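Please consider the following briefing on the architecture, core and charged pairs of a protein chain. The sequence and model are shown first, and the notes follow by topic.

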Amino acid sequence: MVTAYVMVKSLSGEADRIRDDIAALDGVVEVHIVAGDVDLIAKLQVDSTEDVKAVAAEGIHEIEGVDSTQTYLAMD
């Protein structure tokens, strides 16, 4: 099992909709709207690093209103 965290910056004031869209993706186990340098943080639990790429790059980053993402893999 691979755990990753995706930091999401959004273009719009639609954080609730974007959170819900991210939460609906397979492999996403938590999503939170946060204060700070990013707007949302998503926790992923998937089978492989390839799955992390699929969820982050092909799933989250393609959601309307998502400006950019940064992905961090858990090491423990």
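Is Asp20 buried, partly exposed or exposed? Asp20 is partly exposed, with a relative accessible area of 44%; buried means under 20% relative accessible area, exposed over 50%, and partly exposed in between (1.4 Å probe, protein chains only).

This is a predicted model, in which local features need pLDDT of at least 70 and side-chain atom pairs count only at pLDDT 80 or more, while totals for chains, interfaces and linings use all residues. Residues are numbered from 1 along each chain as its sequence is written, and side-chain values use heavy atoms, with hydrogens and water left out.

**Overall architecture**

- The protein has two helices and four strands, which follow the pattern β-α-β-β-α-β along the sequence. Helices (H or I, at least four residues) and strands (E, at least two) are DSSP runs, numbered from the N terminus.
- The radius of gyration is 11 Å, which agrees with the value near 11 Å for a compact globule of 76 residues. This radius is taken over C-alpha atoms, and the globule rule is 2.2 Å times the number of residues to the power 0.38.
- Along the principal axes, the C-alpha atoms fill a box of roughly 35 × 20 × 15 Å.
- Buried residues make up 34% of the 76 residues.
- Among contacts (heavy atoms within 4.5 Å) with a separation of 6 or more, 64% come from residues 24 or more positions apart.

**The sheet**

- Four strands form an open sheet in the order β2-β3-β1-β4, with antiparallel pairing. Two strands count as paired if DSSP finds at least two bridges between them.
- The edge strands, each pairing on one side only, are β2 (28-33) and β4 (66-73).
- Neighbouring strands of this sheet are turned by 20 degrees against each other on average, direction ignored. For such angles, axes are lines fitted to C-alpha atoms, for helices over the stretch in contact, and values run from 0 to 180 degrees between N-to-C directions.
- Strand β1 (residues 2-10) is joined to β4 by seven bridges, and the two run antiparallel. Seven bridges also link β1 and β3 in the antiparallel sense.
- Val6 of the sheet has Ala42 as its bridge partner in β3 and stands opposite Thr71 in β4. Val8 stands opposite Thr69 in β4.
- Seven of the nine residues of β1 are buried, so this strand is largely enclosed by the rest of the structure.

**Helix packing**

- Helix α1 (residues 15-23) lies across β1, β2, β3 (40-46) and β4, and runs at about 170 degrees to β2.
- Helix α2 (residues 49-59) likewise lies across β1, β2, β3 and β4, and runs at about 145 degrees to β3.

**Nonpolar core**

- The largest nonpolar core holds 18 residues, of which Val6, Val8, Ile22, Ala42, Leu44 and Ile60 touch the most other members. Such a core is a set of buried Ala, Val, Leu, Ile, Met, Phe, Trp, Tyr and Cys residues joined through side-chain atoms within 4.5 Å.
- The elements giving two or more residues to the largest nonpolar core are β1, α1, β2, β3 and α2.
- Leaving aside residues up to four places away in sequence, Val8 touches Ile22, Val38, Asp39, Leu40, Ile60, Val66, Ser68 and Thr69.
- In soluble globular proteins, nonpolar side chains tend to be buried together.

**Salt bridges**

- There are four salt bridges, each defined as a side-chain nitrogen of Lys or Arg within 4 Å of a carboxyl oxygen of Asp or Glu.
- Arg19 is partly exposed, with a relative accessible area of 25%.
- Salt bridges that share partners join Glu14, Arg17 and Asp21 into one network.
- The closest N and O atoms of Arg17 and Asp21 are 2.8 Å apart.
- Arg17 and Asp21 both lie in helix α1, four residues apart, about one turn of the helix.
- The relative accessible area is 36% for Glu14, which is partly exposed. Arg17 is partly exposed at 27%, and Asp21 is partly exposed at 30%.
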